[in-house]
Amino acid sequence: MAILSDYTEGDNQAQQLKPVENTQEKEDENQEKTQKELDTSSCSLAPKEEEDENKKLKPNKFNGLDVENYTWGQTLQDVTINVFVPPGTKSRFLAVDIKNNFIKVGLKNQPPIVEGELLEPVKADECFWSLEDQKQVTILMTKRNQSDWWKSLFKGGPEIDTQKAEPEPSRLSELDLETRSAVEKMMFDQKQKTLGKPTSDEIQNQDMVKKIMEENPEIAKHFANSPANANGKGGMPNVRMMPSGGMLGMC
């Protein structure tokens, strides 16, 4: 009886535990399935801003874009558009309309080749166009706001990544002598600092000290016997220059 009782009790426990184990496994499976669905949905749903960034195009070398019938480029000050027309086109056959926020280019009595509302306003009275080699109309437009890059030529048009736009470098040859000298000095000093070498002012300072010490042996002797040199911390003394270029003193 004891054996039967033990068997019955154990059998009942097994029967009672079995559904619990199945329920737990089912819950675990459901949780795992739910987690997989969440992971899949989170991976497939990218933020809208990231999607918009991915749609932006790399600008051409003129900070604009090349499309089928025209190309455009820009600086911070102006926008240039090159519209392709049939070879041999005469200027009298062209229909060019430029307004503050709208342009239309094409041949007379024919559908326009380029037409649309500009992304930003321009100064229409400062815009010009010309026919190049009888196959291309070049339009130069002055931006009204000259502090921002245009992300597209027309509203709703293909967009470029303005973060990849590059300002046009200034040419040293076009600068006046004083400005050019200042820029060249700044560039030299920046390079010297990068290499861990003395700047132009420091070089001038060292040359001045060397000349003074060569012309005044007593000063050189005094500096050689200074406590700083005795402690192994010596070096060329610093010369403080006056605004006029004269020497104020050494330290």
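Buried residues make up 22% of the 251 residues in the protein chain, where buried means under 20% relative accessible area, exposed means over 50%, and partly exposed lies in between, with a 1.4 Å probe and protein chains only. This is a predicted model, in which local features need pLDDT of at least 70 and side-chain atom pairs count only at pLDDT 80 or more, while totals for chains, interfaces and linings use all residues. Residues are numbered from 1 along each chain as its sequence is written, and side-chain values use heavy atoms, with hydrogens and water left out.

The accessible surface of the protein chain comes to about 18600 Å², and 51% of that surface belongs to carbon and sulfur atoms. Such areas come from the Shrake-Rupley method with a 1.4 Å probe; for residues, only the protein chains shown count as cover. The chain has 6 helices and 10 strands. These are DSSP runs numbered from the N terminus, with helices (H or I) of at least four residues and strands (E) of at least two. A contact is a pair with heavy atoms within 4.5 Å. Of the contacts with a separation of 6 or more, 46% are between residues 24 or more positions apart.

Next comes the interior. A nonpolar core is a set of buried Ala, Val, Leu, Ile, Met, Phe, Trp, Tyr and Cys residues joined through side-chain atoms within 4.5 Å. The largest such core has 24 residues, and W72, I81, M141 and L153 touch the most other members. Five strands each supply at least two residues of this core: β2 (70–74), β3 (78–84), β4 (94–98), β5 (102–107) and β8 (136–142). What does W72 touch, not counting residues up to four places away in sequence? Its partners include the core residues I81 and L153, and also N60, N63, G64, L65, V79, T80, W150, S152 and I160.

T71 is in strand β2. T71 counts as buried because its relative accessible area is 17%. Leaving out residues up to four places away in sequence, T71 touches L65, D66, T80, I81, N82 and F84.

On a 1 Å grid over the protein atoms alone, a cavity is a set of points where a 1.4 Å probe fits but cannot get out, whereas a pocket is an open set with protein on both sides within 12 Å along at least five of seven lines; lining residues have an atom within 4 Å of a point. Grid points are joined across faces, edges and corners, and a volume is the space filled by probe spheres set on the points.

The largest pocket holds about 420 Å³ of space. Among its 23 lining residues, K61, F62, N63, G73 and Q74 are the closest to its centre. The elements that give two or more residues to this lining are β2 and β3. By class, the lining has 8 nonpolar, 8 polar and 7 charged residues. Here Ala, Val, Leu, Ile, Met, Phe, Trp, Tyr, Cys and Pro count as nonpolar, Asp, Glu, Lys and Arg as charged, and the others, Gly among them, as polar.

There is 1 cavity of 30 Å³ or more, and the largest cavity has about 40 Å³ of space. Y70, W72, S152, L153, F154, G157 and P158 line this cavity. Their classes are 5 nonpolar, 2 polar and no charged.

Most residues other than glycine have a negative phi. In N63, however, phi is positive, near 65°. N63 lies in the loop between α2 (48–55) and β1 (65–66), and is buried at 7% relative accessibility. Q134 also has a positive phi, near 55°. Q134 is in the loop between β7 (128–132) and β8, and counts as partly exposed because its relative accessible area is 34%.

The loop between α2 and β1 also holds P59, which is buried at 10% relative accessibility. P59 and E159 are 100 residues apart in sequence, yet their C-alpha atoms are 8.8 Å apart in space. Beyond four places in sequence, P59 touches G64, I160, D161, K164 and A165.

Finally, K104 is in strand β5. Its relative accessibility of 33% makes K104 partly exposed. The C-alpha atoms of K104 and V114, 10 residues apart along the chain, are separated by 5.6 Å. Apart from neighbours within four places in sequence, K104 is in contact with A95, V96, D97, P112, V114 and E115.
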